[in-house]
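The following account is intended for a reader who meets this structure for the first time. Please keep the sequence and the three-dimensional view at hand while reading.

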Amino acid sequence: MTARTRVLLVDDHRLVRSGFSLILSVEDDLEVVGEASDGDEAVRLTRELRPDVVLMDVQMPVMDGIEATRRIVADDLSKVVILTTFDRDDYVFAGLGAGASGFLLKNSDAEHLVEAVRAVAGGHALLAPEVTRRVIAQMTEAPGRTALVGTAAPPTRDPRLDELTPRELEVLGLVGRGLSNAEVAARLFVGEATVKTHLSNVFAKLHLRDRVQAVVLAYEAGLILPGDPEGQPGG
């Protein structure tokens, strides 16, 4: 039998943890291995239990979920999905910086929660295209980025991109723009399986953990430029 995905629930409200536990525990392929009520306990239990996925609340006593996520990811202890009551950009950007593999609203339905855990455990990032576009817009407007995105001269080619084939560069640029695998396949007139293969190669060559890191690198490497409404990769 395939090993079950081990999940740690982190929230300072017991009823929230109980609700999530009930939803996940009825799935044959998922197992809730522990619960934590604050970020400090979350880091300790993650180190002890080594879950595959941590569902992490943001606002908690002792240590917030962003700092707990940063420590868990830094030590490569588990993948983390940030849980929040609000669809707030500041949580998204802070979570990205901390290394979260995805974001989920607490009021998401049971099916969405289950699929999110499965997706992240399977190595996929839980970053919706609309969230990706917001992240890119925020990064484009961020102070200190003018040298990279200014109109006076194109950005210097990032040496990391030399590892990629021309097609892999195209795929990275389009994924960075927030396109799904199916949308990339339609844009490039190839099969979706081909896109997945190219994306796997990109992740391996650039040592990327998931789609979230690909978005950030695509921007930093100059593949995503402001004033590019069609989603074509720059450079």
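This is a predicted model: local features need pLDDT of at least 70, side-chain atom pairs count only at pLDDT 80 or more; totals for chains, interfaces and linings use all residues.

In which helix is Arg 17 found? Arg 17 belongs to helix 1, which covers residues 14–25.

Is Arg 17 buried or exposed? With a relative accessible area of 12%, Arg 17 is buried, because that value lies under the 20% limit that defines a buried residue. Its side chain makes a polar contact of 3.0 Å with the side chain of Glu 35. When neighbours within four places in sequence are set aside, Arg 17 touches Leu 9, Asp 11 and Asp 12, and also Glu 35, Ala 36 and Ser 37.

The chain has 235 residues, of which 46% are buried, and it contains 11 helices and five strands. Among contacts with a separation of 6 or more, 66% are between residues 24 or more positions apart. The chain exposes about 11700 Å², and 52% of that area is supplied by carbon and sulfur atoms.

How are the five strands arranged? They form an open sheet with parallel pairing, in the order 2-1-3-4-5. Strand 2 (30–36) and strand 5 (102–105) each have a single partner strand, so they stand at the edges with one side left without a neighbour in the sheet. From one strand to the next, the twist averages 25°.

The pairings can now be followed across the sheet. Strand 1 and strand 2 run parallel and are joined by six bridges; Val 7, for example, has Val 32 in strand 2 as its bridge partner. Together with helix 1, these two strands make a right-handed β-α-β unit. Helix 1 is also the helix that holds Arg 17.

Strand 3 (residues 53–57) runs parallel to strand 4 (residues 79–84), and five bridges join the two. Leu 55 stands opposite Val 81 in strand 4, while Met 56 has Ile 82 of strand 4 as its bridge partner. Between strand 3 and strand 4 the chain passes through helix 3 (residues 65–74), in a β-α-β crossover that is right-handed.

Strand 4 is mostly covered, with five of its six residues buried. Strand 4 also pairs with strand 5, in the parallel sense and over four bridges. Here Val 81 stands opposite Gly 102 in strand 5. Val 81 therefore takes part in both pairings of strand 4, because it faces Leu 55 as well as Gly 102, and strands count as paired when at least two bridges are found between them.

Which strands does helix 5 lie across? Helix 5 (residues 110–121) lies across strand 1, strand 2, strand 3, strand 4 and strand 5, and it runs at about 125° to strand 3.

Terms used. Residues are numbered from 1 along each chain as its sequence is written. Side-chain values use heavy atoms; hydrogens and water are left out. Buried means under 20% relative accessible area, exposed over 50%, partly exposed in between (1.4 Å probe, protein chains only). A polar contact is a pair of N or O atoms within 3.5 Å; within protein, one must be able to donate a hydrogen and the other to accept it, and residues adjacent in sequence count only if both atoms are side-chain atoms. Contact means heavy atoms within 4.5 Å. Axes are lines fitted to C-alpha atoms, for helices over the stretch in contact, and angles run from 0 to 180 degrees between N-to-C directions. A crossover is right-handed if, with the strands pointing away from the viewer, the path from the first strand over the helix to the second runs clockwise. Accessible areas come from the Shrake-Rupley method with a 1.4 Å probe; for residues, only the protein chains shown count as cover.
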